[in-house]
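Me: I would like to learn how to read a protein model. Please take me through one, feature by feature.

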Amino acid sequence: MILGTIIIAIAAFIGFGLYKANGLKTIQIVKSVTVKGKKEEVFDMVRYLSNFPKWSPFLAQDPAQKYEVKGADGTVGAQYHWDGNKGKDLGYQEIVKIDTFKFVGMRCDIQKPFVAKPTFDYTFDETPNGIKVTQDFKVESALPDAFFMWLFGAKKSMEETNQQGLDLLKKAVEK
């Protein structure tokens, strides 16, 4: 009787988890920040990957992280490679599209601690209060990966990290 109850509880947990995970197969997080600065300065802080350490939430979380910019910085094809968390985080992000002062599109290739290929699209809009930077993050995952993201609350962590990055971007430009 007890074993049957345990099996039913585990099956219900897995069933509920798979149901919730199905909604996490595609995650999109859109965050914005308004930065007081010149449009060119704000745009260049994002476009030039050599500036990323000034506002990287990942480097803030892991100051020992190693990084390197490859290719012609600030142009399509430039890449920011990282190796952090004592070899447990590994990957790169690459600029895939630039529309000067309006848009920077990046694609990531994460190899560790999991395999993923998220995108980060940044748009820049002038407002009376400064330059509004909007980050549109997207990642797609298979159901098993989405199950573990649900299990460990990964979406909330992603949202917090993305917001931290935008806050650091604002701080880097405004200082």
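Me: How many helices and strands does the protein chain have?

Reply: This is a predicted model, so local features need pLDDT of at least 70, side-chain atom pairs count only at pLDDT 80 or more, and totals for chains, interfaces and linings use all residues. Residues are numbered from 1 along each chain as its sequence is written, and side-chain values use heavy atoms, with hydrogens and water left out. Helices (H or I, at least four residues) and strands (E, at least two) are DSSP runs, numbered from the N terminus. The protein chain has five helices and seven strands. Along the sequence the pattern reads α-β-α-α-β-β-β-β-β-β-α-α.

Me: What box do the C-alpha atoms fill, and what percentage of residues count as buried?

Reply: Along the principal axes, the box is roughly 70 × 35 × 25 Å. Buried means under 20% relative accessible area, exposed over 50%, partly exposed in between (1.4 Å probe, protein chains only). Here 39% of the 175 residues are buried.

Me: Which residues lie nearest the centre of the largest pocket?

Reply: Lining residues have an atom within 4 Å of a point. There are 32 of them, and Phe58, Asp89, Ile110, Pro113 and Phe114 lie nearest the centre. Elements giving two or more residues to the lining include helix H3 (57–61), strand S4 (89–99) and helix H5 (154–174). H5 gives the largest share, five residues.

Me: What is the phi of Lys86, and is Lys86 buried or exposed?

Reply: Most residues other than glycine have a negative phi. Lys86 is not a glycine, yet its phi is positive, about 55 degrees. Lys86 sits in the loop between S3 and S4. Lys86 is exposed, with a relative accessible area of 86%.

Me: Where is Phe101, and what is its phi?

Reply: Phe101 is in the loop between S4 and S5. Its phi is positive too, near 65 degrees. Phe101 is partly exposed, at 30% relative accessible area.

Key:
On a 1 Å grid over the protein atoms alone, a cavity is a set of points where a 1.4 Å probe fits but cannot get out, and a pocket is an open set with protein on both sides within 12 Å along at least five of seven lines; lining residues have an atom within 4 Å of a point.
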